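Visitor: I would like to learn how to read the features of a model like this one, beginning with the overall fold and ending with single residues.

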Amino acid sequence: MSQPHWHKPSPNHISHDTGLMVMNSLTRKKEKFVTIDGGRTVRWYMCGPTVYAPSHMGHARTYLGFDIIRRILQDHFNYNVTLCMNITDLDDKIIQRANENNVTCEELSRRFELEFHEDMEMLGVAPPNVLTRVTEYMDEIVEYIDTIVKKGLAYESNGSVYFNVDEFSKAEGMAYCKLAPEQINNAELLAEGEGKLTQDFVGDKRSPRDFALWKKSKEGEPTWSSPWGEGRPGWHIECSVMASDVFSKMAGGKSARDAASSPDLCRMDIHSGGVDLKFPHHDNEMAQAEAHSGCHQWVNYFVHSGHLHIKGFKMSKSLKNFITIRQALENNTARQIRMCFLLHKYNAPMDYGDNTMSHAISIEKIFTEFFHNVKAVLREGKITDVQRWDDSARELQIVIDNTMASVDNALKDDFDTPTSISVLADLVKATNLYLEVCTTQKKTPINLVVRNAAKYITKVFKTFGLIPEASGVEIGFPVGNGDSGEEKLSPILDALINFRSAVRDKARAKDLSGVLNECDSFRDDALPPLGIRLEDKAGGNSVWKLADPLELMREKELQELEKKRKEEEKAAAAQQKAKKDALNKLSPEDFMKQLTLDDDPLTLKYSKFDEATGLPTHFHNGEELNKSQMKKAVKEFQGQKKKYEKFLNTVAL
């Protein structure tokens with residue numbers, strides 16, 4: 001079944017044409033992005049969380065991914081984005097979980113909504129411009145549903161109200177199931193969309209495809225008054241009402257009510273959400289809004305985030321691979337998680353696990369080291385140094401210009417951040433190569449060109465949200481947490497004073513080895529907890545770099561663990577060699593007598609031996625060796641005989 005016709009946005013005048021192409025779920029292909037009015041204003045609605053449990057990495061996949069796209073739209077393409085996001089603070093899952101925990105729906109939803117906002121802040125996800133909650137729009141929801149009923153596109157049945165899919169589909173210019181027409185009769189998805197607590201009402205529908213706009217409340221459930229009796233909203237209607245209300249007001253109307261007579265008021269440029277919400281949720285959202293307003297295309301561009309799997313499997317508590325955002329942040333920083341997401345297309349399936357995070361951390365380290373090295377170069381250079389380009393400096397500037405164009409083209413191609421990161425990594429390689437050439441040729445780098453490269457990468461990273469805009473840094477990742485100068489310098493000065501005292505004591509004692517040991521201890525033990533890495537270079541020079549103290553201490557810990565591992569391996573190898581040498585000193589007769597069982601090292605393998613040959617004749621249990629077993633024993637005997645003769649020859653020498 002093919003998708004219905006998509007109406008290409010055609011404003012009277014396009015004043016802001018960026019060339020951006022967006023993968024539109026309404027056509028399943030990339031479409032040129034044009035706003036409703038052809039200008040910079042972007043109206044964007046995003047399905048928010050249903051707050052009944054802790055936020056998990058599936059939420060991060062959606063909200064962090066779209067945070068990146070929002071930043072790109074605003075900071076790279078210069079759009080004025082208004083993002084509206086809802087909070088589903090009432091639905092079947094919330095009611096069921098609240099009853100299980102003996103709390104009210106409001107208590108449960110408020111708790112997990114707060115946790116969600118805290119999690120988003122920890123991930124560096126910017127809050128929406130407009131936040132809506134279902135429970136704050138009850139009057140508007142009832143009025144909205146009533147309008148659809150009066151248009152003959154919904155009906156009341158046994159105290160509930162259902163959307164009439166068949167009648168809507170017959171209406172001129174209307175089409176149902178725009179996103180996933182192949183799923184229109186999927187009973188499992190239809191049932192999931194209605195919720196577990198309303199399966200008893202299925203018989204009230206005229207068609208299995210009809211869905212609830214208003215649900216008759218059962219005993220013990222939250223209720224609100226309506227023309228059809230006490231009840232509560234269906235899941236899908238909330239987004240249609242709240243988005244229509246907000247965007248109608250943005251367009252000059254007073255509420256969603258105005259959209260019923262002016263269809264274009266409630267339209268939006270972008271609607272986003274997880275790919276698992278395509279059908280029935282997003283398809284039903286559009287049908288309701290178009291039935292209410294009469295517009296034929298409520299959403300111009302529907303974008304969906306891809307599935308997230310944990311080590312190849314769908315995240316599930318039953319599989320014990322359910323990872324909350326807070327658990328993820330215990331193992332990795334928010335920047336590392338964001339880098340991981342940037343390395344994957346927002347709408348492609350993504351596998352989250354040790355390998356993907358290790359790759360993200362290695363990419364982050366490449367840029368971290370690059371920023372450190374550039375800062376070291378810029379500290380040594382001055383603006384008064386020679387700035388005239390030579391061939392290698394000119395070539396680096398050309399690479400910078402080409403990188404800017406490549407990143408722009410990648411972001412125009414449906415926000416292709418993986419390609420953008422790859423192109424920026426190539427710029428790092430080119431800059432590092434330029435600095436190596438300068439070192440080899442013993443010439444001072446043109447520091448303005450080096451600065452250009454680092455500033456551009458920093459600018460893109462700010463756009464991607466890897467570097468907070470308020471950090472105030474010109475180049476690289478921010479270090480520290482904004483303490484005053486005295487608070488920052490005190491531990492460093494204390495370390496310097498202690499180092500100076502120790503060196504003076506060794507010098508007075510004319511202990512040169514002790515002085516060098518103190519220098520190494522200052523580098524390896526005193527500076528890392530202060531967030532300072534000191535690197536010794538060829539020729540006796542040293543370079544300092546600022547980094548996260550926890551990262552430096554972790555590096556030191558890993559180095560010590562690696563050193564310990566190598567020492568243990570060396571000791572084990574020496575022990576194994578000593579054991580082997582000791583065995584080689586045994587005569588073949590004695591060797592055979594000391595052999596033990598493979599599964600019982602305390603029990604001797606053989607119990608009787610031939611006095612003439614020294615070969616075993618019986619096993620430990622008295623069983624006589626057969627021909628095949630004797631052949632194997634002879635082979636063991638001869639092998640030891642060669643080793644013993646070699647040992648005797650060595651001793652004789």
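This is a predicted model: local features need pLDDT of at least 70, side-chain atom pairs count only at pLDDT 80 or more; totals for chains, interfaces and linings use all residues.

Visitor: How many helices and strands are in the protein chain?

Guide: Helices (H or I, at least four residues) and strands (E, at least two) are DSSP runs, numbered from the N terminus. The protein chain has 19 helices and 20 strands. Its radius of gyration is 35 Å, well over the 26 Å that the globule rule gives for 653 residues, so the chain is more spread out than a compact globule; the radius is taken over C-alpha atoms, and the rule is 2.2 Å times the number of residues to the power 0.38. Along the principal axes, the C-alpha atoms fill a box of roughly 110 × 85 × 45 Å.

Visitor: What percentage of the residues in the protein chain is buried?

Guide: Buried means under 20% relative accessible area, exposed over 50%, and partly exposed in between, with a 1.4 Å probe and protein chains only. Here buried residues make up 46% of the 653 residues. With contact meaning heavy atoms within 4.5 Å, residues 24 or more positions apart account for 70% of the contacts that have a separation of 6 or more.

Visitor: How many aromatic pairs does the rule count?

Guide: Rings of Phe, Tyr and Trp (its six-membered ring) pair if their centres lie within 6.5 Å, and planes under 30 degrees apart count as stacked, over 60 as edge-to-face and the rest as tilted. The count comes to 21 aromatic pairs by this rule. In one of them, phenylalanine 163 and phenylalanine 211 have ring centres 5.0 Å apart and planes at 20 degrees, so the pair is stacked. Phenylalanine 163 lies in strand 7 (residues 160-163) and phenylalanine 211 in strand 8 (residues 211-216), so this pair ties together parts that are 48 residues apart in sequence. Both phenylalanine 163 and phenylalanine 211 are buried.

Visitor: What are the distance and angle between tryptophan 214 and tryptophan 228?

Guide: Tryptophan 214 and tryptophan 228 form a tilted pair, at 6.1 Å centre to centre with 55 degrees between the planes. Tryptophan 214 lies in strand 8 and tryptophan 228 in the loop between strand 8 and strand 9 (231-233), so the pair ties together parts that are 14 residues apart in sequence. Tryptophan 214 is buried at a relative accessible area of 0%, and tryptophan 228 is buried at 13%. Elsewhere, ring pairs link Phe367, Phe370, Phe371, Phe461 and Phe477 into a cluster.

Definitions and conventions: Residues are numbered from 1 along each chain as its sequence is written. Side-chain values use heavy atoms; hydrogens and water are left out.
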